Structures are given as C-alpha cells and as structure tokens.
Amino acid sequence: MSVATIESMASLSSDLFYDILRRLDGPTLATAACACATFCSISREERLWENVCSTMWRSTNREDVKSLISSIGGFRKFYADCFPLIVNKEVTEYQWNDYLEYPEEWTEAEYYGDTDGVESISPLDFVSIVDIRYKDKTICSKVLWGIPNANGSNSWFYNCPFRIDLLTYAARDDDNEGEVTLSVSDGLPPIISMEKERKDGKLWKELRDGLRLSWIVVNRKVKQAANLASWSPLGGQRHWPTDKDFVIRFGSVLPAKDVLPCQVVECILIMKFRVIHTEGEGIETTLKLTELSMQLEDMEGAHVNGRNSLLILKEALSCHRSKNYSEVLESCHLYSKVQSELKEEKMRNESRLDRLCILSGIAVFITFWYYIL
C-alpha cells in the first residue's frame, strides 16, 4: 500500500485543521500556533479559546462571565493571562530591624493605607471567578461580582482586615446554591471511621493530591485578569479545628511595592472540607465544603486591611507569571523561609531584651540594697 505525499499544507481544508485544533488543550494549541502560518491564523479564532477556557474553568460557560471576558479582550487574552501562575522572584531576605521600622519616606498614615491612590480603585470593578476540580472533574464553580462590604469610601472595609468568604457571598448571585460535596463516587477512598483515617491518612492524601483550585480575579476597569491560586495545594492540616475537618491552603506571593514596607505579601486561599458521613449503614463516605476564603497577610503574619488590599490586587494583575509550576512553588517556599527567619529573629531580639531587662532589674536591686546596708 502506498501513501500519497502531501506536498503542501494548503492542499488540506482549513475546516479539517480547525477540527484538529479544537480538540487540543491550551498549551498544545499555543504550541501548534507556532508550527506554521496556517495553524497560527486558525488558532486566533476565539471559539477555539472559548472551548479551551470552558474546559479549564467551567464558570466561563456562564453568559455573564462570557460577556465579561469579551469586554476585557476575549478568551484568547483571558487564557494567556490566567493559565500562567503568579511568580514573585523579588522576595528578598529582609533584616528584621530594617523591616520593623517605617522607612523615612513613609508616614504612619501611609503604612495603614491612608493614600490617595486607592480613590481610583473601585471594589465594584473586581470580579472573582473560582473553580474547584477534583481529579479532573469540576465540583464547584462560583462567581462573585465586586468585593463584599466595601460600599462607600468611609466603609469599615477599608481599615479592617481584608477577607472574602466566597461561600457566604457568592451564593447570593450564583446558579448553584446547593452544598458542594465529595463522595466515593467522585473518587474518594471509603473511610470506615475517623480513627482509621488518623492512622493511615489515606483520605488526606487523596484530597491533597487530587484537589485543584483556580481563583481568578478580574478588574473590569483596567481590563486585566490573573489567577491568584497556586493550582495545587501548598500545605494544609488534618482534623482541624475539629476531629473531622481538613484545611487545605493554596495561594501566591503578591508584590506590595510602594504599598507596604515589606514589599511583598502572601495571598492565602483556604479550603475546608468536613466529613459528614463515613462508610456504613448504606451511606458512602461524604465530605462537605464548609469554607473557601481569601485573605492577605504581610511578613509579620498580620492581615492587610481593605484599602491596601485593593492596591495590591490591582498591582497583582500585571505582575510576572510563569507556566512552570516549580517556579511557583519555589516562590512560595522562599517567602515562607524568609518569613520564618524574620519570626526567629524577632524571637531572638525579644529574648535578648528580656534578658537585658532581668539583668537591669537585678543590678538595680543589688545597688539599692548595697546603699541601704
């Protein structure tokens, strides 16, 4: 059997090429676009990227989200902005004494967010598009328009710790208001009892390895978007705060230059599941999602207030990103390392101060009795 040689790509139908490209995932489609002029031209078709985005993030199937994505540049731009994850390579090893004091050009009011820059940022411009996947199956999609409790320039939001509890607010404007659960039918291992889980940790390992989180923040005004999640978990804790809770942490390191003296902050995304059924009596192992939240913390572990958080989120939408997940992990681990070193330095300084106070007290006591006697 002989196979006819195709002398030119032009001899094939563009419809055939389109049918081939529409079956590819995002990275493969982007690679194919670099192969030849024909693929490059076809790969600019918005419908291809809409299909890629809907496969990656089920929330982009919503009509209101489609309109939002179209208004900020289309699905191709949206994928290019949100598929790479945020990487901050500017996490430097601050000295504790340098970090603790306000820089000369900073006033205390500026540190706590009393700046004019935030006046141009409206909380209503931000949209959160959140998807949770477990073993390549989307189990939760939420969309939050605006930032809750941020109405009015004199709102308590601006001076209080920034926090978004997505399950509390997104349900008001979301198509899926039911509980988010995971069960054996979704791929969870059957758990006969929590006592057994404490010993083998099988359920915890499955959650840690199988869960993926995407928390995309869009600013409608500047028409930019970024994924603030680390996609895979950065850490977590079993059985906390109760015997049946699993807390899983995602996040990223965001730049805070000209916003906070520490220059970088950590965006912490917390996901909490609770075991509501174990195996037995005809009921399979079932977990319920009880928390999905975002907060920002500085190097000291202090919560960033709402005013500074708006500035940081705006800057995060244009910071450096990478498709290399190892770089993302390296950035987060470097931040944790520097933060731990700062805490240790603070403890050493406090310990030295305590010893100095004790010795001073003893010296004063001895001097006092020396003159008395």
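This briefing describes selected features of the structure shown above, grouped by topic. The model is predicted. It contains a 48-residue helix, α13, and an open sheet of 4 strands.

**Helix α13**

- Helix α13 covers residues 325-372 and spans 71 Å from its first C-alpha to its last, close to the 70 Å expected at 1.5 Å a residue.
- The buried residues in α13 include Val328, Ser331, Cys332, Tyr335, Val338, Gln339 and Leu342.
- An α-helix has 3.6 residues a turn, so residues three or four places apart point the same way.

**The open sheet**

- The strand order is β3-β2-β6-β7, and the pairing is antiparallel.
- Strands β3 (137-145) and β7 (224-227) stand at the edges with a single partner strand each, so one side of each has no neighbour in the sheet.
- From one strand to the next, the twist averages 15°.
- Strand β2 (residues 126-134) runs antiparallel to β3 and is joined to β3 by 8 bridges.
- Within this pairing, arginine 133 has threonine 138 in β3 as its bridge partner.
- In general, strands of a sheet pair through backbone hydrogen bonds, either parallel or antiparallel.

**Cysteines**

- A disulfide is a covalent bond between the sulfur atoms of two cysteines.
- The closest cysteine sulfur to that of cysteine 82 belongs to cysteine 53, at 7.8 Å, which is too far for a bond; the cut-off for a disulfide is a sulfur pair within 2.5 Å.
- Cysteine 82 is buried, with a relative accessible area of 0%.
- Cysteine 332 is likewise in no disulfide, and the nearest cysteine sulfur, that of cysteine 267, is 9.8 Å away.
- Cysteine 332 is buried, with a relative accessible area of 7%, and is one of the buried residues in α13.

- Most residues other than glycine have a negative phi.
- Aspartate 258 is exposed, with a relative accessible area of 64%.

How values were computed. Residues numbered from 1 in each chain as written. Predicted model: local features only at pLDDT ≥ 70, side-chain atom pairs only at ≥ 80, totals over all residues. Heavy atoms only, no water. Helix = DSSP H or I, 4+ residues; strand = E, 2+ residues; numbered from the N terminus. Expected span 1.5 Å × (residues − 1). Buried < 20%, exposed > 50% of the residue type's maximum accessible area, 1.4 Å probe, protein only. Pairing = 2+ DSSP bridges. Axes fitted to C-alpha atoms, helices over the stretch in contact; angles between N-to-C directions.
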